[in-house]
Amino acid sequence: MSAAFPPLRDELRGIEPYGAPQLDPALVPVQLNVNENPYGPSPETAADIAHAVGEAATTLNRYPDREFVELRSALAAYLNGSGGSGITPEMVWAANGSNEVMLQLLQAFGGPGRVALSFAPTYSMYPEYARDALTEWHAGRRAEDFSLDLDAARELVLDKRPVVVLLPSPNNPTGTALPPEAVTMLCEAAASYEPGGLVVVDEAYGEFRRAGTPSALELLPQHRNLVVTRTMSKAFALAGARVGYLAADPAVCDAIRVVRLPYHLSAVTQATALAALRHAPELLGRVDDLRVERDATVEWLRREGFEVADSDANFVLFGRFAERHAVWRGLVDRGVLIRETGPDGWLRVSIGTAEEMTAFKDALLETVRQTSEERPA
Ligand SMILES: *Cc1c(COP(=O)(O)O)cnc(C)c1O
């Protein structure tokens, strides 16, 4: 056997699988590293989900509804009450997390000789979808304050002619939302060449946006090439169920149906998502509390002299540290897990319960006091 076993694709050699550290909650009890909703379902909602799954279990000998019609209808109804209007079930697609939705978009619309584009710093999974769909990846830069320089962005789109532009709004890891004029500009630029590009606005954190920040869903009627993705993993408090979805022109959904694996959404997943959607008001009920906690965390960090990016999401990027790894480590040693991600010198903390945020603040102050060279300038 040669040293090359297994015969991996050349571009995958030596690559570490993506993933934030999953540390034992018994050892590191305050887990603020993957932007989960800290509030789980109530016993009543959990019982209803379990009941729906129990019913689905009686027919698990059969394949599930391949077109998940009922779930698409329920998601369309939810979106029409959450910033969208006129969204029909044919305009909705779902998969096992919005990560799978976006991979399917790249599988359908990317490919050799085609380009996918984003603006860094941004979500670290995007280049992986492009790689896995054999699509050329290109990343422009965001401005110093992590916003998008519209003129530079338009020029880059016209130059690279991407078939897919991927942009989170709010952006991960910075928390920056895209103004509607940026979405419009990108959609117009991406419609101006052949074969044209899709603009995918990834609203994984859309429900956390601040008052006055509109959703890109509002722009769907104006732009045929606009795709808005959402997830049940964050605001919806359902990360464990793996359900993400998009709203777009029905032709986009039809194209994805060509590349999706057969019966990709299991009967258990469909039953879980439908039951959860029936309890949407409860599951989303803590979003307002989390937004208040987020704004308070931003203010507190600024008062303590840290640099903080404005956030429309359920996390905050703050810094800057000469040795961010030492600060991250100091927090872990004090039972608080946050995320070492984003531009050099910055760290990201997810918004948890009030008690968890108190633990975070205490651990952070102790850590920077102890390692005084990490004090922000
Ligand atoms: C968390 C996150 C998602 C959601 O991923 P799921 O696969 O739906 O759990 C998508 N985009 C961004 C930018 C995220 O941070």
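**Close-up 1. A charge sits over a ring when NZ of Lys or CZ of Arg is within 6 Å of the ring centre and within 35 degrees of the ring normal.** Arg-72 lies over the face of Phe-68, 5.5 Å from the ring centre. Arg-348 takes up such a place over Phe-315, at 5.4 Å from the ring centre. A word on what you're looking at: this is a predicted model, where local features need pLDDT of at least 70, side-chain atom pairs count only at pLDDT 80 or more, and totals for chains, interfaces and linings use all residues. Residues are numbered from 1 along each chain as its sequence is written, and side-chain values use heavy atoms, with hydrogens and water left out.

Close-up 2. Rings of Phe, Tyr and Trp (its six-membered ring) pair if their centres lie within 6.5 Å; planes under 30 degrees apart are stacked, over 60 edge-to-face, and the rest tilted. That rule gives 11 aromatic pairs. Tyr-78 is in helix 2 (residues 69-80), while Phe-236 sits in the loop between strand 7 (226-231) and strand 8 (244-247), 158 residues apart. Helices (H or I, at least four residues) and strands (E, at least two) are DSSP runs, numbered from the N terminus. Tyr-78 is buried at 12% relative accessibility, and Phe-236 is buried at 1%. (Buried is under 20% relative accessible area, exposed over 50%, partly exposed in between, with a 1.4 Å probe and protein chains only.)

**Close-up 3. Phe-146 and Trp-346 tie together parts of the chain that are 200 residues apart in sequence.** Their ring centres are 5.5 Å apart with the planes at 70°, so this pair is edge-to-face. Phe-146 comes from the loop between strand 4 (136-141) and helix 5 (150-160), and Trp-346 from the loop between strand 11 (336-337) and strand 12 (347-350). Phe-146 is buried, at 8% relative accessible area, and so is Trp-346, at 5%. Elsewhere, ring pairs join Phe-306, Phe-318, Phe-321 and Phe-360 into a cluster.

**Close-up 4. Domain 1 (20-39 + 286-374) faces domain 2 (43-279).** These bounds come from an automatic or database domain assignment. The C-alpha centres of the two domains are 27 Å apart.

**Close-up 5. Arg-320 forms a salt bridge with Glu-144.** The closest N and O atoms are 3.7 Å apart. (A salt bridge needs a side-chain nitrogen of Lys or Arg within 4 Å of a carboxyl oxygen of Asp or Glu.) Across the interface of domain 1 and domain 2, the rule finds 2 salt bridges.

**Close-up 6. The peptide bond from Ala-120 to Pro-121 is cis.** Its omega is near -5°, and Pro-121 is in the loop between strand 3 (115-120) and helix 4 (126-132). The bond from Glu-194 to Pro-195 is also cis, with omega near 0°.
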